[in-house]
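Subject: Structure handover

Hello,

Please find the structure below. My notes on it follow.

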4 protein chains.
Amino acid sequence: MDLTCIMTSFPHKQKILNDPVYGFIDMPTGINLEIVEHPWFQRLRHIRQLGLTFMVYPGAIHTRFQHVIGAYYLINQAISEIRKKGFDISPAEEEALGTAILLHDIGHGPFSHALEYSLLDGVSHEVISQAIMQKLNGMYEGKLSMAIDIFRNQYHRLFLHQLISSQLDMDRLDYLKRDSFFTGVSEGIIGTERIIKMLTVHNDNLVVEAKGIYSIEKFLIARRLMYWQVYLHKTVLSSEQLLIKIIKRARQLIHNGQSLFAPPALSYFLSHPIAASEFISENKVFEGKTAIELFNAIDDNDIFTSVKVWQSSNDIVLSTLCKMLMERRLLKIEMQRNSFNKDIVTQQKKEVAQHMKISEEDAEYFVFTEKTTHYAYNPDDERINILHKNDDLQDISEASDILNISVLSKNVIKHFFCYPKL
Amino acid sequence: MDLTCIMTSFPHKQKILNDPVYGFIDMPTGINLEIVEHPWFQRLRHIRQLGLTFMVYPGAIHTRFQHVIGAYYLINQAISEIRKKGFDISPAEEEALGTAILLHDIGHGPFSHALEYSLLDGVSHEVISQAIMQKLNGMYEGKLSMAIDIFRNQYHRLFLHQLISSQLDMDRLDYLKRDSFFTGVSEGIIGTERIIKMLTVHNDNLVVEAKGIYSIEKFLIARRLMYWQVYLHKTVLSSEQLLIKIIKRARQLIHNGQSLFAPPALSYFLSHPIAASEFISENKVFEGKTAIELFNAIDDNDIFTSVKVWQSSNDIVLSTLCKMLMERRLLKIEMQRNSFNKDIVTQQKKEVAQHMKISEEDAEYFVFTEKTTHYAYNPDDERINILHKNDDLQDISEASDILNISVLSKNVIKHFFCYPKL
Amino acid sequence: MDLTCIMTSFPHKQKILNDPVYGFIDMPTGINLEIVEHPWFQRLRHIRQLGLTFMVYPGAIHTRFQHVIGAYYLINQAISEIRKKGFDISPAEEEALGTAILLHDIGHGPFSHALEYSLLDGVSHEVISQAIMQKLNGMYEGKLSMAIDIFRNQYHRLFLHQLISSQLDMDRLDYLKRDSFFTGVSEGIIGTERIIKMLTVHNDNLVVEAKGIYSIEKFLIARRLMYWQVYLHKTVLSSEQLLIKIIKRARQLIHNGQSLFAPPALSYFLSHPIAASEFISENKVFEGKTAIELFNAIDDNDIFTSVKVWQSSNDIVLSTLCKMLMERRLLKIEMQRNSFNKDIVTQQKKEVAQHMKISEEDAEYFVFTEKTTHYAYNPDDERINILHKNDDLQDISEASDILNISVLSKNVIKHFFCYPKL
Amino acid sequence: MDLTCIMTSFPHKQKILNDPVYGFIDMPTGINLEIVEHPWFQRLRHIRQLGLTFMVYPGAIHTRFQHVIGAYYLINQAISEIRKKGFDISPAEEEALGTAILLHDIGHGPFSHALEYSLLDGVSHEVISQAIMQKLNGMYEGKLSMAIDIFRNQYHRLFLHQLISSQLDMDRLDYLKRDSFFTGVSEGIIGTERIIKMLTVHNDNLVVEAKGIYSIEKFLIARRLMYWQVYLHKTVLSSEQLLIKIIKRARQLIHNGQSLFAPPALSYFLSHPIAASEFISENKVFEGKTAIELFNAIDDNDIFTSVKVWQSSNDIVLSTLCKMLMERRLLKIEMQRNSFNKDIVTQQKKEVAQHMKISEEDAEYFVFTEKTTHYAYNPDDERINILHKNDDLQDISEASDILNISVLSKNVIKHFFCYPKL
């Protein structure tokens, strides 16, 4: 495979890539370059990081490819900083950290958060990521073993895992900064450079120096702001629900024997229930392809291409849903802390059934309630620890006197109710 | 149609949109809001501004939707500035300028520059833009007439047209800035704010105040830099050629009676030659749809979805071309000022035919020469005029003593030669 | 007076100024231009906004002139936004708001916070600002009366005063953003544009729309971050204390009859105790100059020029203090929440006296304790009110569930202890 | 000396400084830290990089201290880049490069360009820089010898000198970027990161890779823009001329036996003619101080403090000039390519003499002509060489087809004529 042109090539060997967020990024070398060149990785160029968020923030069309390369850049910054502070990270560990961060999102399919349950029968992207990593490890003769150990937290040096996966990992630092940048919600932009300068290691754990407490407070506030202004934006939720209903209806129609346009790989997932074991053990083969191969053949393009075609379906439910998404006539959405009154929902469903001349059961595609949850800071997850000068460690929720602990660690549930404008 | 959620909604009526480049943008109102909400306009969300450039600059995935909204923002800045300087622009003219800039690119299809000749038989995007504008004007009962007059330079006030289409129009100001921003080639970023502050009107022409000469020099240098570093980047050209060959091969196979996967609208263009008249007079109808309707049904998603499926075609030429594009194993490309030696090209073709076990005719899909041309500043086009304090006008190529006139206005031709790495 | 060249002049009349923070700023016109051209206002070009902070953050050399022009820019943004929302602000009120914000800091002398007590005997900058405004109002024949009423909160429309002076006034918005920008502490940068977009008026009060709650949270967190990382930075405090001690010693020596180099106006303040009444009633005249005139004759230059000369004083206390400041060999400083043990301070004083061969009384110039206080959010001051959709108003400390109310409104006292490195 | 607080201190040893332009800068260590801590270097905190430019661009109050630290940052970037490309730079050479760039501007006094001839009798800042370097080299026991050799181009590796002093040296890269940043003339901002990435070494010369040609074109255009919009701005020139005349008049009055307020060191330079030899051989001593010591005692503060006091001088010429500067009522200025008609100048002088009731000789302080020259690119100086892929070297003026060679290398002379508004 030839990647000589993936980036503005300079006459010297190190390849460089232009990133709107960080400027120049040194591209990986060796095994990590091979991974980036692999078609399964190149696929990430066609998967938007934020799914349908671009329906609200037109700039949010950045891809998982960009995010993963950005996280790779940050992890190298962090490695360099941690080494400066006297902690050894071997070249093999450096390479494995690179591999792990490059592959941490490899199991994401198109519109991942929305379609995990409707298209993939609940097989999570984490399960698929691990299955793909194992598969690649076989292809690359075990060269990914240390990376997989670090990813799974089975490596003996804990802080390496924490750089990949914790409440202050390079994944989050990049996505918060990048999502703010591309949505144009500039207040979410975090000072990744300063946060990384504040990182150090204590008893094999990734911790933050006491001076960094204000930066961490700001990071948590920025994260919360992004949740409410972007990730859980009403219109984004409403768009995602529409897509979920579209896929659900398409699967139902196919299940009932109807024939629907779709590219072959997507057809497979629409017409076959799938189990995690099919990814892990590759025990089923469809037209010569395993679940992993089929999965890697679909991206955002297949979904939109199909939805566009389905606008002309003779099933009124499917065609209406598809037109609503493509023409941006979305469902209305109300949000509240408590669950919605069932009578109102039932009443609305009846009206829609009558108005659209469909059954009340089918009206559920247009009138429904759902809920979403979100932790500002999850105390059960890997914690953000502050290292005081006297070597005491303190969780950020205790170290910060301004942030309200109980709120930070509270599971925020929002109920929402969707229905069409009649 | 409901656009209430297209942007972060504020309790007051004016809708606002977040743009990574300019920050907050006031959304259009009235007829211009209706245009933005039209499905044909929403389609631009799925057409990348820079086609396949993201194969080299991963950030270059911004869409024509974003660009057009940005140009709309700039034209409002320019209107406000020109009014401040004492030139009257009526509310009707203001609205028409908005309409004209919103629709100036409406005729762009997917990978426009690449596919104009292979998919659309040479019907240019300008022709299609005008056809669509006329169609919309009918739908909106003549409300777009002034905009169309301005667009076609048939309106009596010349400078209004020049804001839409000239060597210093708002289209160029936005795309240069935006393309620089998203590619990460930050040196191409131009000071749109300052340039707009320097605009004024003289004898009904859009001109630049003498103080702005350095800004214009910088604009022309930045534009040139973007040409060589982005628009005419070797790898971008090579990717585009691959896509052109793919479409050409697909059409040939279909012409030969083979059946190929494709969404219905794309199928139509692959299997039918098309003429400009079909867009203008809508004299042909295919499965109930006119050429304009079919055209508006295709976008980037259809191309990529089809190319992905065609990777499994049993035509070795098509499947190889498609795999090369999707896996980013592009053709090698050499560029030079003179045309290439035919013997070398023929020799290369023979080797490829032999190596791939295909005919020499088919080898032309992989081995070929092409050329591209580019004007840094086209003296035959609308000129950039500098207004001196004594009211003298001077073309920038004369007003600037540092820019080399003969080079600026010279048509630069680059020949390139593509061939596979065997 | 001629200000034609204060800014890059454009051929049209509106003068424009380049600001590194906001870009182009339209300069004031009419009476407000006259105010900017007045020598007392031009004096602000020589008074650093952050006093000695540049000893820690070398970029923090921006002046009060820049800040005041920036706040003037923001108030015009706010006026335009509030008008868009349907609230009337008359041209006279607009001009008066401009005057009020331009003059709100006019009473600041050099190193204001540090020297208010040592050089000016506790006459506050607010008192002097008002005295100067009154004086100018006389000169300009009462044209500043409405501005003064707004400034003093004696105008009948409350929200106008709140734009000038409240916990979310344009003064704070500018200085937080500007101080972050010039110190390079980029995390303190606030989204002034978004905050201003969220402002509205409710029952004649300036309030924030509910959507703006996250921005306000972020503003308060950024402000707190600036306090701890910049305004109350240990080394800044230590530098300021050194300057306070220098002025105190100089005054003492002069009081004892010694002659010290100083420019005439500074000499006056060093050798005469001064009372607020001298500014207000201008009842004393010194060599033909009133207190206001003398005050307006001193700026940062006089202080540094004198301190440099005093390095050669034959008073060992004064010369040592001055050398320490100029050569940046500052006093060590310790900070803690509780007051310091007196015995340790006394012991340190003795050692210094012995080491420097000075009296214990004189050693107090080098060994001393002080305290500083700071409110993150002062509930007794003008509040930041959030306007909910149902028209309910709520204080931000209640509206925000993440910010800890009790901490926000707690008066933080920090004690510090300074002493030389022997 | 204690510099522990010069920057936000992190618990690890490497000191870090916040720079508004580049973000975090690692502070020097070892001998280079000692140099930064030296009072003669700290003095640069009080010398504005752009002299009186802040009279036009209020943000342009950045200091030579900031610039030198910025250039130090860039030279470390360049060293790292050049090493990556396989060229060896020893640790001793790295340190010497740091020393050389830190000290390259150490001989600049207050308002250097303006006062070199009026206050310093033509002893250039280059001469003084070298004298101070030699003096420091003595103090630091020869540790600066390699740095001095590099600075003087007496070191055997030519490209090291070119990093310090050439048409593409780190000095220029920093000052162009920094001056653009602080003036707010954002179009002058150059991509230092990209230019440095393009540097390499060829036959011991610093050259630019062929790919960098567009960046260099942009650099030269940006530089030219800064010249005309900032460095040679009419109002800046007019302010500087006023200061030159003030110093000239003050020296004349003192020469005539009048006594004028001034701090002692400035007094010395006002009352004594000075020769380069006094700096080099330190052969004269004034009140125990050598020329170098006296020189290091003056900065911008002394000039402004004195000019303010001189506003009350009983010499009408001096007091008028000083008031004009402090109150920003500057001389009018006309610029043209040819010299001015002598009759007009004479006539103007007569009118001023009559109007101000002064002699025609004294009127020359207010009415005079001057000229300024500027090379966009000086072909006699160290050239900017482009390295082509075939190892050919070409001067940028030949390598670039868009830049007009003859103009680039033409010495631009502008004549200007100053006179008061009567």
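Against which helices of chain D do the buried residues of α4(D) pack? They pack against α1 (30-37), α3 (64-84), α6 (125-139), α7 (145-151), α8 (158-164) and α9 (170-183) of chain D. Buried means that 20 or more other C-beta atoms, placed from the backbone, lie within 10 Å of the residue's own. In α4(D) the buried residues are A96(D), L97(D), G98(D), T99(D), A100(D), I101(D), L102(D) and L103(D).

This is a predicted model, in which local features need pLDDT of at least 70 and side-chain atom pairs count only at pLDDT 80 or more, while totals for chains, interfaces and linings use all residues. Residues are numbered from 1 along each chain as its sequence is written, and chains are lettered from A and ligands numbered from 1 in the order in which they are written.

In chain A, the axes (lines fitted to C-alpha atoms over the stretch in contact) of α3 (residues 64-84) and α9 (residues 170-183) come within 8 Å and cross at roughly 125°.

Between chains C and D, the contact (C-beta atoms, placed from the backbone, within 7 Å) takes 50 residues from each of chain C and chain D. On the side of chain C that touches chain D, α16(C) gives the most, with six residues. By class, that side has 26 nonpolar, 14 polar and ten charged residues (nonpolar: Ala, Val, Leu, Ile, Met, Phe, Trp, Tyr, Cys and Pro; charged: Asp, Glu, Lys and Arg; polar: the others, Gly among them).

Regards

Technical notes: Two residues are in contact if their C-beta atoms, placed from the backbone, lie within 7 Å. Helices (H or I, at least four residues) and strands (E, at least two) are DSSP runs, numbered from the N terminus. A residue is buried if 20 or more other C-beta atoms lie within 10 Å of its own, exposed if 12 or fewer, and partly exposed in between; C-beta atoms are placed from the backbone. Axes are lines fitted to C-alpha atoms, for helices over the stretch in contact, and angles run from 0 to 180 degrees between N-to-C directions.
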